[in-house]
Amino acid sequence: MKKIKKNNKNLTIREIQDWEKSFLEKKGVFEDKDKEKAIKTAICKLAEETGEVAEAILEDKWDKIQEEVTDVIVFACKVANIAEKFYGAEDLSDAIRKKIKICDEREWNPDNKKLNKTKNERA
Ligand SMILES: [Mg+2]
């Protein structure tokens, strides 16, 4: 099983994705048999975990927040892993870099109190 170093303060998305894959192997789960079932299960779990974050907030259980946010991140990485492996999706880290670049390029519009889309987004 892929180990993540205990003192690693700069955990990467790739490390989380790789850990998620190795965790599946540890559990003996082989998604190759039914990729459609795998993605549907993953997105349902992601939605469930997102609900658990909301529940923790609404119930003022701040001691649970980071644990529940972690579940969301892991299941989001699982969705990305399946998308990359079976559906030709781009590398998640590359997609995040692109998204951050786009967000950084947007300018604040005080008139409508929104970030304007970049020229590339409008094209
Ligand atoms: Mg949870």
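**Source.** I am working from a predicted model, in which local features need pLDDT of at least 70 and side-chain atom pairs count only at pLDDT 80 or more, while totals for chains, interfaces and linings use all residues. I number residues from 1 along each chain as its sequence is written.

**Overall form.** I checked the radius of gyration, taken over C-alpha atoms, against the globule rule of 2.2 Å times the number of residues to the power 0.38. The protein chain has 18 Å, whereas a compact globule of 123 residues would have a value near 14 Å. I also took the span of the C-alpha trace along its principal axes, which is about 55 × 40 × 35 Å.

**Secondary structure.** I counted five helices and two strands in the protein chain. Here helices (H or I, at least four residues) and strands (E, at least two) are DSSP runs, numbered from the N terminus. The order along the sequence is α-α-α-α-β-β-α.

**Contacts.** I called two residues in contact if their C-beta atoms, placed from the backbone, lie within 7 Å. Taking contacts between residues at least 6 apart in sequence, I found that 47% join residues at least 24 apart.

**Helix α2.** I compared its end-to-end reach with the expected span, 1.5 Å times one less than the number of residues. α2 covers residues 35–58, 24 residues in total, and reaches 35 Å from first C-alpha to last, close to the expected 34 Å. Asp 60 follows α2 and lies in the loop between α2 and α3. I noted a positive phi of about 60° for Asp 60, although it is not a glycine. Asp 60 is exposed, with 8 other C-beta atoms within 10 Å.

**Helix α3.** α3 covers residues 65–87; its 23 residues reach 32 Å from first C-alpha to last, close to the expected 33 Å. I listed its buried residues as Phe 75, Ala 76, Cys 77, Lys 78, Ala 80, Asn 81 and Ile 82. They pack against α1 (13–27), α2 and α4 (92–105). Gly 88 follows α3, with a positive phi near 70°.

**Lys 113.** I then went to the loop between β1 (108–109) and β2 (114–115), where Lys 113 lies. Its phi is near 55°, a positive value in a residue other than glycine. Lys 113 counts as exposed, with 7 C-beta neighbours inside 10 Å.

**Domains.** I used bounds from an automatic or database domain assignment. It gives domain 1 (1–89) and domain 2 (91–123). Their centres, taken over C-alpha atoms, are 26 Å apart. Five residues from domain 1 and four residues from domain 2 make up the contact. On the side of domain 1 that touches domain 2, α1 and α3 are the elements giving two or more residues. α1 gives the most to that side, with three residues. By class, I have two nonpolar, one polar and two charged residues on that side of domain 1. For these classes, Ala, Val, Leu, Ile, Met, Phe, Trp, Tyr, Cys and Pro count as nonpolar, Asp, Glu, Lys and Arg as charged, and the others, Gly among them, as polar.

Methods:
Buried ≥ 20, exposed ≤ 12 C-beta atoms within 10 Å, placed from the backbone.
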